[in-house]
Amino acid sequence: KRVAPEVTAELHFQPFELNPQMPPEGQDTFEHLNQKYGSSREQQAQAREAIRQRGAAVGFEFSAGGRPRVYNTFNAHPPLHWAELEDPAKQVALKKLLLKAYFTDSQNPSDIEVLVRAATEAGLDAARAREILAGDEFATETRERERPHVLC
């Protein structure tokens with residue numbers, strides 16, 4: 001907003017899984033961060049609060065208590081790919097709704113009902129979203145697009 005109208009930008013989200021080996025049921029957040037970084041509950045609380053404040057400064061609300069679980073996010077990426085094909089603005093809307101569902105509302109971003117609800121709120125067809133989530137449509141494209149970004 002600060003550089004408009006001189007500068008315009010068009011967002012295209014790429015698939016990325018921070019924890020691709022995460023099981024479908026996820027993992028307790030403290031346990032996960034403790035295993036990954038060796039952080040204590042106090043350190044995690046301090047980091048969460050710093051992130052919450054940074055988000056608030058730019059208008060995003062992170063859950064004050066943090067997320068209770070960390071999940072694999074792969075299931076969210078095929079609908080995002082589809083949304084971009086339908087209308088890039090709908091992809092942006094879907095991405096924002098999924099970020100809110102995960103980071104603000106502590107919802108599971110791989111849960112089909114969460115994904116269909118977000119797709120519908122973004123203006124996409126619920127039946128088509130269910131169809132994509134029930135099969136492997138766009139899974140290959142998603143894996144190919146995320147490959148350059150895989151860390152592990």
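Tutor: This is a predicted model. Let us take helix H7. What covers the buried residues of H7 includes H3. Helix H7 spans residues 139-146, and H3 runs over 77-86.

Which residues of H7 are buried? They are Ala139, Thr142 and Glu146. Look down the axis of H7: these buried residues fall within an arc of 60 degrees, so they line one face of the helix.

Is His81 buried or exposed? His81 is buried, because its relative accessible area is 11%, and the cut-off for buried is under 20%. What does His81 touch, leaving out residues up to four places away in sequence? The contacts are Phe138, Glu141, Thr142 and Arg145. Thr142 is one of the buried residues of H7.

Rolling a probe the size of a water molecule over the atoms shows where empty space is left. Searching the whole structure turns up 1 cavity of 30 Å³ or more. The volume of the largest cavity is about 50 Å³. Its lining is made of Phe13, Pro15, His77, Leu80, His81, Gln91, Thr142 and Arg145. Two elements, H3 and H7, each give two or more residues to that lining. H3 supplies the largest share, 3 residues. By type, the lining has 3 nonpolar, 4 polar and 1 charged. His81, Thr142 and Arg145 are among the lining residues, and His81 touches both Thr142 and Arg145.

Back to H7 and its charged side chains. Side chains of opposite charge can pair when their charged atoms come close. Glu146 and Arg143 form a salt bridge, at 2.7 Å from N to O. Both residues sit in helix H7, 3 residues apart, about one turn of the helix. How buried is each partner? Glu146 counts as buried because its relative accessible area is 4%. Arg143 is partly exposed, with a relative accessible area of 37%. Shared partners extend this pair: salt bridges join Glu17, Arg143 and Glu146 into one network.

How many salt bridges does the count come to? The count is 8. Glu49 and Arg52 meet at 2.7 Å, N to O. They are 3 residues apart in helix H2, so about one helical turn separates them. Glu49 is partly exposed at 29% relative accessible area, and Arg52 is partly exposed at 25%.

The other is between Arg130 and Glu113, at 2.9 Å from N to O. Arg130 belongs to helix H6 and Glu113 to helix H5, so this pair ties together parts that are 17 residues apart in sequence. Arg130 is partly exposed, with a relative accessible area of 38%. Glu113 is partly exposed too, at 41%.

The largest pocket holds about 910 Å³ of space. H3 is among the elements that give two or more residues to its lining, alongside H1, H2 and H4. The most comes from H2, with 6 residues. In total, 35 residues line the pocket, and Leu18, Phe62, Arg67, Tyr102 and Phe103 lie nearest its centre. They divide into 17 nonpolar, 12 polar and 6 charged.

Technical notes
Residues numbered from 1 in each chain as written. Predicted model: local features only at pLDDT ≥ 70, side-chain atom pairs only at ≥ 80, totals over all residues. Heavy atoms only, no water. 1 Å grid on protein atoms, 1.4 Å probe; cavity = no way out; pocket = protein on both sides within 12 Å on 5 of 7 lines; lining within 4 Å. Points joined across faces, edges and corners; volume = space filled by probe spheres on them. Helix = DSSP H or I, 4+ residues; strand = E, 2+ residues; numbered from the N terminus. Nonpolar A, V, L, I, M, F, W, Y, C, P; charged D, E, K, R; others polar. Buried < 20%, exposed > 50% of the residue type's maximum accessible area, 1.4 Å probe, protein only. Contact = heavy atoms within 4.5 Å. Arc of directions from axis to C-beta. Salt bridge = Lys/Arg side-chain N within 4 Å of Asp/Glu carboxyl O.
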